[in-house]
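Here is a brief report on one protein chain. Please read it with the model open beside the text.

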Amino acid sequence: MKYEESVRKAFQDSNITFTREELDNIEYADFGLNNIKEEGLNLIIYINNDRYCAKEMVLLAGQTCPEHQHPRRGRNQEIEGKEETFRVRKGLVYLYVTGEPNVDGISAELPEKNKEWYSARHEIILKEGEQYTIAPNTLHWFQAGEDGAIISEFSSPSDDSSDIFTNPQITR
């Protein structure tokens, strides 16, 4: 099955109802790495305006969203960085944020090609129905478990161009 078909099927199998237009406009983010099956993110954006943002995300089995943060932005840094809440609808998500590293190491498998660009090691394991809020400017990355994951994101406005990725090769 083609990559795009696998992602579309994951959205369709999520028990969330999507319109044809939403499914036809899935964003496949490969972050300029040409390694989307390992490092990528697939999104349906419901709304993103100057007050709030809501989206659904699919991560295929073991797929990782690269490490990044949402800094202050605007001409004079007057706009607070994005705060986001992830709620897992299906599957398992390994979320890593700055903070005290887990003493037993991490559960996720670092993407081999770019493993040096993943430094956050404080692990939060999110199961179906669980959620976690990431404060603005917090370094974080996340990876789906072996069955993939569907994640709802509720956040302040999303501005991809202001995100700072640890890996300097990433483009958005």
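The sections below cover basis, fold, pocket, aromatic pairs and selected loop residues.

## Basis

This is a predicted model: local features need pLDDT of at least 70, side-chain atom pairs count only at pLDDT 80 or more, and totals for chains, interfaces and linings use all residues. Numbering runs from 1 along each chain as its sequence is written, and side-chain values use heavy atoms, with hydrogens and water left out.

## Overall fold

The chain has two helices and nine strands. Its order along the sequence is α-α-β-β-β-β-β-β-β-β-β. Helices (H or I, at least four residues) and strands (E, at least two) are DSSP runs, numbered from the N terminus.

The radius of gyration is 15 Å, close to the 16 Å that the globule rule gives for 172 residues, so the chain is as compact as a globular protein of that length. That radius is taken over C-alpha atoms, and the globule rule is 2.2 Å times the number of residues to the power 0.38. The C-alpha trace spans about 40 × 40 × 30 Å along its principal axes.

Of the 172 residues, 46% are buried. Buried means under 20% relative accessible area, exposed means over 50%, and partly exposed lies in between (1.4 Å probe, protein chains only). Contact means heavy atoms within 4.5 Å. Among contacts between residues at least 6 apart in sequence, 74% join residues at least 24 apart.

## The largest pocket

Rolling a probe the size of a water molecule over the atoms shows where empty space is left. Here a 1 Å grid over the protein atoms alone is used with a 1.4 Å probe; a pocket is an open set of points with protein on both sides within 12 Å along at least five of seven lines, and lining residues have an atom within 4 Å of a point. Grid points are joined across faces, edges and corners, and a volume is the space filled by probe spheres set on the points. The largest pocket holds about 170 Å³.

Which residues line the largest pocket? They are Ala10, Asp13, Leu59, Leu60, Ala61, Lys90, Gly91, Glu128, Asp147, Gly148, Ala149 and Ile150. Strands β5 (84-97) and β8 (140-155) each supply at least two lining residues. The largest share comes from β8, with four residues.

By class, the lining has six nonpolar, two polar and four charged residues. Ala, Val, Leu, Ile, Met, Phe, Trp, Tyr, Cys and Pro count as nonpolar; Asp, Glu, Lys and Arg count as charged; the others, Gly among them, count as polar.

## Aromatic pairs

Rings of Phe, Tyr and Trp (its six-membered ring) pair if their centres lie within 6.5 Å; planes under 30 degrees apart count as stacked, over 60 as edge-to-face and the rest as tilted. The count is six aromatic pairs. The ring centres of Tyr3 and Tyr28 are 6.2 Å apart and the planes stand at 65°, so this pair is edge-to-face. It links distant parts of the chain: Tyr3 sits in helix α1 (residues 3-12) and Tyr28 in strand β1 (residues 27-29), 25 residues apart. Tyr3 is buried at 10% relative accessible area, whereas Tyr28 is partly exposed at 30%.

Phe86 and Phe142 also pair edge-to-face, at 4.8 Å centre to centre and 65° between the planes. Phe86 lies in β5 and Phe142 in β8, so the pair joins distant parts of the chain, 56 residues apart. Phe86 is buried at 1% relative accessibility, and Phe142 is buried at 2%. Tyr96, Tyr118 and Trp141 form one aromatic cluster.

## Loop residues

Ser14 is in the loop between α1 and α2, and Asn15 is in the loop between α1 and α2 (20-24). Is Ser14 buried or exposed? Ser14 is buried, at 8% relative accessibility. Leaving out residues up to four places away in sequence, Ser14 touches Lys90 and Ile150. Asn15 is exposed, at 77%. Its phi is near 65°, a positive value in a residue other than glycine.

Gln77 lies in the loop between β4 (64-69) and β5. Its phi is near 60°, again positive in a residue other than glycine. Gln77 is partly exposed, at 41% relative accessibility.

Lys37 is in the loop between β1 and β2 (41-48). Lys37 is exposed, at 61% relative accessibility. Residues up to four places away aside, Lys37 touches Tyr3 and Gln63.
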